[in-house]
Amino acid sequence: MAARDFPTIKAIRSFIIGGVGSGGDYHNVKGGHWLIDSDISTPCSIWDQYKKSRTSWGINVLGSFLVEIEATDGTVGFATGFGGPPGCWLVHQHFERFLIGADPRNTNLLFEQMYRASMFYGRKGLPVAVISVIDLALWDLLGKIRNEPVYKLIGGAARERLNFYCTGPEPTAAKDMGFWGAKVPLPYCPEDGHEGMRKNIAFLRKHRESVGPDFPLMVDCYMSLNVSYTIEIAEKCKDLNINWWEECLSPDDTDGFEQIKRAHPTLKFTTGEHEYSRYGFRKLVEDRNLDIIQPDVMWLGGMTELLKVSALAAAYDIPVVPHASGPYSYHFVISQPNTPFQEYLANSPDGKSVLPVFGDLFIDEPIPTKGFLTTADLDKPGFGLTLNPAARAKLIPSDYLLTPPPVAALKPAEQKEESKPNGEPSIIEKLTEGVKDMNAA
């Protein structure tokens, strides 16, 4: 008996998410938010003018976008990520050609086509992040067509409960909210000298004392340290029982992790948030210098590539703990045997309460209660997300970005009429205002 016909891909649409605080760009939040305006050591902290706010050097310039994939039976899958206008451009000017008419079940084929076709300018960074969002939309579509949650499509439940640690500015708040551990950002970088080192140690000591000796405490260094500084601060903080030191080095300094591990073989070091594809993770895994790898499913290549990276890591008994990414990560983690827990990135401005990772984009995003979720929280078709009608009203279709109406060719009176039909702002004005809002955050 032949298998039933399966819907193919009919259309792909993309949208820029206007404003701030909504969608897949974690850092596109309002001013004053702990994630962008607290003391956090970054690769740009070496310059005084870029120390205080991460938006000062442009961490939020891309903004969020949304991809919708429609099948011939009318089913629509979607996903959000970061990429903004450049992401939409890549979706339609390059990757769409591989998708229209394709069988959405061919996730491996579609990833390979998009990845290989963009190798001459991609391999890492934005192009692969855009592929990631497309891939997640495909998995959402598949789950909806099959009326199953994504985790059921990628192996089923490996556990019934998903436990979280919290990344935020206040470990005491994380402990009070029921998370099993807390991760804090390191405030000062090597260029801050001996005084910066002293302040870093005092900062970590304060937090250790605030949560007691047994509550797991981790440190996020956000690619801002070097080998010698990492070795020194890890040595000076041994009595603080830091659970792990995260992303201490540039993502490209893979040899540096070997030196750090040689200096501190009994301490734990992690990285991977800013690595891409199975090729990028191969050396991180096979050298066995890392105790956990932390890919971001919205960046490294989507669920399709994350499953390959996870299989590679499992062969070396290295746990995979994805970076943030809300429900996209939750479905992965609850389905794999070598994914012991998950990160929750505090999205509230003060980091002291649990809010949806993607802001108001969805009306039903599952969020951890008392530090955990269960399979029952994920048992909806696809990734189980429903677009918020209020947020949908703010979506800016990328059609106008790709083929804008020839406003410049119009006469001044016609331009005025074109820009405000029935008194409403034109889509170009909405697009412009959306970009302004993102830059003003």
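Cys 189 is buried, with a relative accessible area of 0%. Here buried means under 20% relative accessible area, exposed means over 50%, and partly exposed lies in between, using a 1.4 Å probe and protein chains only. This is a predicted model, in which local features need pLDDT of at least 70 and side-chain atom pairs count only at pLDDT 80 or more, while totals for chains, interfaces and linings use all residues. Residues are numbered from 1 along each chain as its sequence is written, and side-chain values use heavy atoms, with hydrogens and water left out.

Stay with the cysteines. A disulfide is a covalent bond between the sulfur atoms of two cysteines. The cut-off used here is a pair of cysteine sulfur atoms within 2.5 Å. How many disulfides does a search of the whole structure find? The search finds zero. Cys 189 is in no disulfide, and its nearest cysteine sulfur, that of Cys 44, is 10 Å away. What about Cys 221 and Cys 248? The sulfur of Cys 221 is 3.9 Å from that of Cys 248, its closest cysteine sulfur, so the two are too far apart for a bond. Cys 221 is buried too, at 0% relative accessibility.

Now turn to charge. Side chains of opposite charge can pair when their charged atoms come close. A salt bridge is counted when a side-chain nitrogen of Lys or Arg is within 4 Å of a carboxyl oxygen of Asp or Glu. The whole structure holds 24 salt bridges.

Arg 116 and Glu 112 meet at 2.9 Å, N to O. Both lie in helix H3 (residues 107-117), four residues apart, about one turn of the helix. Helices are DSSP runs of H or I with at least four residues, strands are E runs of at least two, and both are numbered from the N terminus. Arg 116 is exposed, with a relative accessible area of 53%. Glu 112, at 16%, counts as buried.

Other bridges reach further along the chain. Lys 124 forms a salt bridge with Glu 275, with the closest N and O atoms 2.4 Å apart. Lys 124 sits in the loop between H3 and helix H4 (126-146), and Glu 275 in the loop between strand E8 (269-271) and helix H10 (277-286), 151 residues apart. Is Glu 275 buried or exposed? Glu 275 is buried, at 5%, whereas Lys 124 is partly exposed, at 37%.

Lys 283 and Asp 255 also meet in a salt bridge, at 4.0 Å, N to O. Lys 283 belongs to helix H10 and Asp 255 to helix H9 (residues 254-263), 28 residues apart. Both are partly exposed: Lys 283 at 32%, Asp 255 at 45%. Elsewhere, salt bridges with shared partners join Lys 10, Arg 13, Glu 68, Glu 70 and Arg 392 into one network.

Next, find the sheet. Four strands form an open, antiparallel sheet in the order E3-E2-E1-E12. Strands pair if DSSP finds at least two bridges between them. The edge strands, E3 (76-82) and E12 (395-397), each pair on one side only. The twist averages 30° from one strand to the next. Strand E2 (residues 64-71) pairs with E3 over seven bridges.

Definitions and conventions
Axes fitted to C-alpha atoms, helices over the stretch in contact; angles between N-to-C directions.
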